[in-house]
Amino acid sequence: MAQAVAMPKFGQMVEESSIVKWHKKEGDSVRKGEILFEIETDKAVMEVESFFEGTLLKILVKENVSVPVSSVVGYIGTPGEAIPATPPPTAAAAPVPPQTPAPAQPAKPQPAPVQQASAALPAVAPRAPASVRPDGLVPSDAKVTPGARAPAPALPAAPARQIISPRAKALVKRSCIDPSPIAGSGPGGRVQERDVRAYMESRNYSAIRISPAAKKLAAAREVDILRVRGTGAGGRIMIHDVERAVAERPRALTKMRQVIARRLTESFTTTPHFYVTVAADITDLLVFRKDLKNRGEVYTVTDFVLEAVIMSLQEFPILNSVCDGRTVRWHGSVDLGMAVSLEDGLVVPAIRNAQDLGMRELHDTAASLAARAREGKLTPDEMTGSTFTVSNMGMLDVDTFHAIINPGEAGILAVATARDRVVARNGKMEIRSMMNMTLSVDHRIVDGSLAADFVNAIRKKLEDVALWTSLT
Amino acid sequence: MDKFDVVVMGAGPGGYPAAIRAAQLGASVAIVEREKLGGTCLNWGCIPTKTLIASSELFHAARRGEALGIKAGKLEYDYAAMAKRKDEVVATLNRGVEQLLKANGVKIFEGTASFDAPTRVNIAPAGEGRDTRIEGGTVIIATGSASAVPGFLPKHRRVVESRAFLDLTALPSSLLVLGGGVIGCEFACMAAQLGAEVTVVEMLDDILAMLDSDVRRELRRHMEQDLGIRVLTGKPLENIEASASGVSGKAGETELKADMLLVSVGRRPVTDGLALDRAGLSVNERGFIAVDAACRTRNASVFAIGDVTAGSTLLAHAATAQGVTAAENAVLKTRKPAGSLVPSCIFTSPEIGAVGITEQQARDAGRKVSVGKFGFAGLGKALASGEPNGFVKLIADSETDQLLGAHAVGPHATDLIGEAALAIHGEFTAEELGRVIHAHPTFAESWMEAAHALHGACIHAAPKRRK
């Protein structure tokens, strides 16, 4: 029997993945260990090898369609072999979307609002019946364009399918307009040619002036010229107007940005944040760091901040915990997250058991994680599970900023650029290197005084060169 | 002190249209000119050269008239008479500009303009007399450019740039041209048509390097084979000397001698003495004034147009378009950009017309284009006229079929380019241009044929051999 190829699950937190590139076509022979496809998860793009030997009989999940992990994406077997009509149920439970059609499920356990009038309706309304196939896969319908960066076609598909006559369709195409707002007057709401004409008249289509080249481009890129503002003489639509309309189309966010959007929105809207800023005087630390450097021992300012945070978290374990609103759970170890910015997004690799690392090990681990993050070579497990995060924008020339807490953590420290400032010291004005640090914390478990003590503990450590002398 | 809404510095092809347009819009306008109305174009550029070229073309054609059944006997030309006619044409146009300015109520000041303050202009008369100061709500700088003459060249009456050449009343029997740009090539062709022995020396790999190689090749072949011009490229002209007996130099290993050396190595913007700093302005490292698409300088009340501006094409009609735009923006307080599609015409033999991008530019930009070419050898009118050489070509975007560039080399190329400029400006597709019915028999049919050729549907050319 043909072997089902499943969407692999990389890392604990990954729920969905999409294949960005199939390396084989249907009918190609596949050897065990050969690259079959590349997937993009929440975190990264990875190559997937085949576990099976044979011929790729069927591709079920096309490129750039997101499916739950463990979903069957294709079959490998011998040519002519039958493929199961319904794929065998996949092992891992994937929460969304449902693996089997929803209507078959019993009603929800908790009492639902009584709906007398609609008793005849199924207990659980199928939310998007057209979007889930019996095999549990999100279909690769025509609205999915290849290439993550390709302009996405108009926004989410119209709720109901529009029925349109061939003549009407041809007119729509010829006229470079979007038919979706057109109400059909034909049988069953079918859009007829006369409906298109009436619509065009109501939108004053005949007044549109457009250059021949612009119209050709609009047709090729399916731009609705009724929505293009012309900037040529007398409002004539020129080629750059159509180019602008194409450029202004909504595009799908990359997987990584979608994850960032979801997680940060969740954190910012469900966790009550508050912020405490202090300025650390790192003048002496910078001198000390330079001395170390001259002796051949290189450390970054981030290394010192990370170490100061690690030590302070051990003094204030509540900052190294997570709250869900009803319970609070302490983390037994410090798995320190460090935000690393990438070309189009950011990742937060975790330094595991950071409390057990000496300064040299900490430096090496941080450097290696940052380098591999930028190369996109982090393993999924390295990108998850941090317990507190440091975000250093010191190299980006900022005075201060407020970070959003990573979901599952109690706080995040935002480190800004160290600047020479005139400060009062022992009753005199002096020029010192001052570095602002802003702590964002979850107010559900941390109050103002605790946050102040914690952030000052970090500051004092950074200002205490004797401490660093003993640690390095 | 007299006050005007608009003060224009320079009455060349940029300045005087700017002054007239501003006056048309109801502004009080003053224009300052230190030499002659009409500027370089009218007095020492476009117009006088084309007047001389008209004579040389006619002479050249008459000498070859036998092919068309004309026997003209012994032909002679009188260069002094040609030069005199040139002066008359220039004088006529000169008076025309003056009348136009006066008819529009523009006040003309003779003298050299400079800034006194951001909107105050000082005018120093050429001869005796006191300076005049006028105030302008807006000042438009239109001071143009002048021939660049490198300092290493000997200062001698046998070493001339284009303006001094036009003052000659006798044609040298041999001419050495330094610089194979537009001006150098035009003068070379004109002198060669009149029988002078001409050598062009260009340091770059080819003459007129901004053109596509096929266009250049066509021109160069004619210059060398039909006109007998010696074209030396890829080498600088060195050891230049001038004496009472002639000029000499060396290009690579080749020793060159001639009666006269024409220097045409480029033009420099004229900003000296303007005291731009008093208007809060400065020039870039190459001496040009930076402006935005609406011709505004860094100073909100000062505009600049034409050859003096950074990014200028050094073409009269570009200056005119900018002048009109600047005047409208100044008077109407708008921010309209000046057109950027500037056709260029080269009055060599054969003529060249170009508008939009070249094939080379498309390639350099990584743009996918289709090219349609049509040779005059396939055109009835060209054969009937005894002018079967040259071609036109169209460059269109592969996806949208939008016309992006048009180039013509051959008879009437400089007039033909107008239609192509209209089509490109209107964002025509090649298909659309091909559908326009062109009168037969005319040279303009070549565009229609080239548009068809672009889609492999040319009627009057054999299909490309199928692979």
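A crossing of two helices is called left-handed if the near helix is turned anticlockwise from the far one by less than a right angle, and right-handed if clockwise. Keep that in mind for the first stop. The model is predicted, so that local features need pLDDT of at least 70 and side-chain atom pairs count only at pLDDT 80 or more, while totals for chains, interfaces and linings use all residues. Residues are numbered from 1 along each chain as its sequence is written, chains are lettered from A and ligands numbered from 1 in the order in which they are written, and side-chain values use heavy atoms, with hydrogens and water left out.

**First stop: two helices of chain B**

Select helix α3 (residues 46-63) and helix α6 (residues 182-193) of chain B, whose axes come within 8 Å and cross at roughly 40°; helices here are DSSP runs of H or I with at least four residues, and strands are runs of E with at least two, numbered from the N terminus. The axes are lines fitted to C-alpha atoms, for helices over the stretch in contact, and angles run from 0 to 180 degrees between N-to-C directions. α3(B) and α6(B) are therefore oblique to each other, since angles under 35 degrees count as roughly parallel, over 145 as roughly antiparallel, 65 to 115 as roughly perpendicular and the rest as oblique. The crossing of α3(B) and α6(B) is left-handed. To display the contact (heavy atoms within 4.5 Å), show E186(B), F187(B), M190(B) and Q193(B) on α6(B), and on α3(B) residues including L52(B), I53(B), F59(B) and R63(B).

**Second stop: rings in chain A**

Next, select W22(A) and F37(A), whose ring centres are 4.9 Å apart with planes at 65°, so the pair is edge-to-face; rings of Phe, Tyr and Trp (its six-membered ring) pair if their centres lie within 6.5 Å, and planes under 30 degrees apart count as stacked, over 60 as edge-to-face and the rest as tilted. W22(A) sits in strand β2 (residues 16-22) and F37(A) in strand β4 (residues 35-40) of chain A, 15 residues apart. Both W22(A) and F37(A) are buried, a term that means under 20% relative accessible area, against over 50% for exposed and partly exposed in between (1.4 Å probe, protein chains only).

From F37(A), move to E47(A), which touches F37(A) as well as I35(A) and E38(A), not counting residues up to four places away in sequence. E47(A) belongs to strand β5 (residues 45-49) of chain A.

**Last stop: a ring cluster**

Finally, select Y299(A), F304(A) and W468(A), which ring pairs link into a cluster.
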